[in-house]
Amino acid sequence: MEPLFKQRRTNRDMFFNEEDARGVRQPHNDPLVTTLTIEGFNTKRILVDNGSSADIMYLPDFQQLKLDPRRLRPFDSPLVSFSGDRVYPKGIVTLKVIVGTYPKQLTCQLDFLVVDCPSSYNVIIGRPTLNRWKAATSTYCLKVKFPTEDGVDEVKGDQVLARECYQAVLAAKENHTWTIEEEKEDKVEALEAVELVEGETAKITRIGTTLSLEIRTKLVQFLKENLDVFAWSHEDMPGISHQVIQHELNVDPGRKPVQQRRRVFAPKRSQAITDEVNKLLQEGFIREVYYLEWLANVGLVKGQFPPT
């Protein structure tokens, strides 16, 4: 019984079969090393690496191409290898790269990070370019295939050169798979203190320092016009309606209450607790209760009490 729908292949479909592996010495675990045209020059020893999150050009190849160092743009993030080594690129450069043979070829401007460290390779083509080319790679066939306006073309790997490079990599213990190190913490914008009530240094707030003068002026004016929404102390928040906010214990009435053992605090911490409780009692935020079924110790927040 034939299927209702047949998948139609087009001249831009990419697939590999045993025919693509013809001429490749099997079995093998060789890397995919090929040749591309960069800035008009045939550049050999190019490693196609799906594990690299960046396109790399090593400094000796950059110099051999006689590229103007002024074309390098700053790049601040370091590159990290699988072994944890870090290296800061000399910069980033945009170069013209041609892949494939006419008429099935791609010509595009690619960004390379220029790295000054030993390598048996001249260039590493990583995921950014492979994704841009919509390329499919096969290490078994040692080929890269990519779609063009005139159909699918391919670039073959050089197995002999790949083995030479790989032996040199092992001998020199080189790192050649790089990832761009991501910042672990977001940069926090610097803040400036703004006095909302003239002469009262306790009534301040903070705004960002990157605001334009016009936006800053409007923001400060808006804050001053709405001083009534600020609470500078407990006295500024009396009688909050339960419709606004309230606290309750979400407990199961069928469960037996658990009573914590009383903790003993150091003198300075105990005094801080007493002062805060008295302040809340005075303002009516809390009230004293006379049952011990639900007893929980006070929790101190770091930085909110005197050091012991």
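**Salt bridges around D20**

D20 forms a salt bridge with K145, the closest N and O atoms being 3.1 Å apart, where a salt bridge is a side-chain nitrogen of Lys or Arg within 4 Å of a carboxyl oxygen of Asp or Glu. This pair connects distant parts of the chain, since D20 lies in the segment before β1 and K145 in strand β10, 125 residues apart. The model is predicted, so that local features need pLDDT of at least 70 and side-chain atom pairs count only at pLDDT 80 or more, whereas totals for chains, interfaces and linings use all residues. Residues are numbered from 1 along each chain as its sequence is written, and side-chain values use heavy atoms, with hydrogens and water left out.

Both D20 and K145 are buried, a word that stands here for under 20% relative accessible area, with exposed meaning over 50% and partly exposed the range in between (1.4 Å probe, protein chains only). For D20 the relative accessible area is 9%.

Together with E154, the residues D20, K143 and K145 are linked in a network of salt bridges.

Side chains of opposite charge can pair when their charged atoms come close. Another such pair is formed by R22 and E19, whose closest N and O atoms are 3.2 Å apart in their salt bridge. R22 counts as exposed because its relative accessibility is 63%, and E19 counts as partly exposed because its relative accessibility is 47%.

Turning to the whole protein, the structure holds 13 salt bridges, and the chain is arranged in five helices and 14 strands. Buried residues make up 30% of the 308 residues. Of the contacts (heavy atoms within 4.5 Å) with a separation of 6 or more, 64% are between residues 24 or more positions apart. The protein exposes about 22400 Å², of which carbon and sulfur atoms supply 50%; accessible areas come from the Shrake-Rupley method with a 1.4 Å probe, and for residues only the protein chains shown count as cover.

Terms used. Helices (H or I, at least four residues) and strands (E, at least two) are DSSP runs, numbered from the N terminus.
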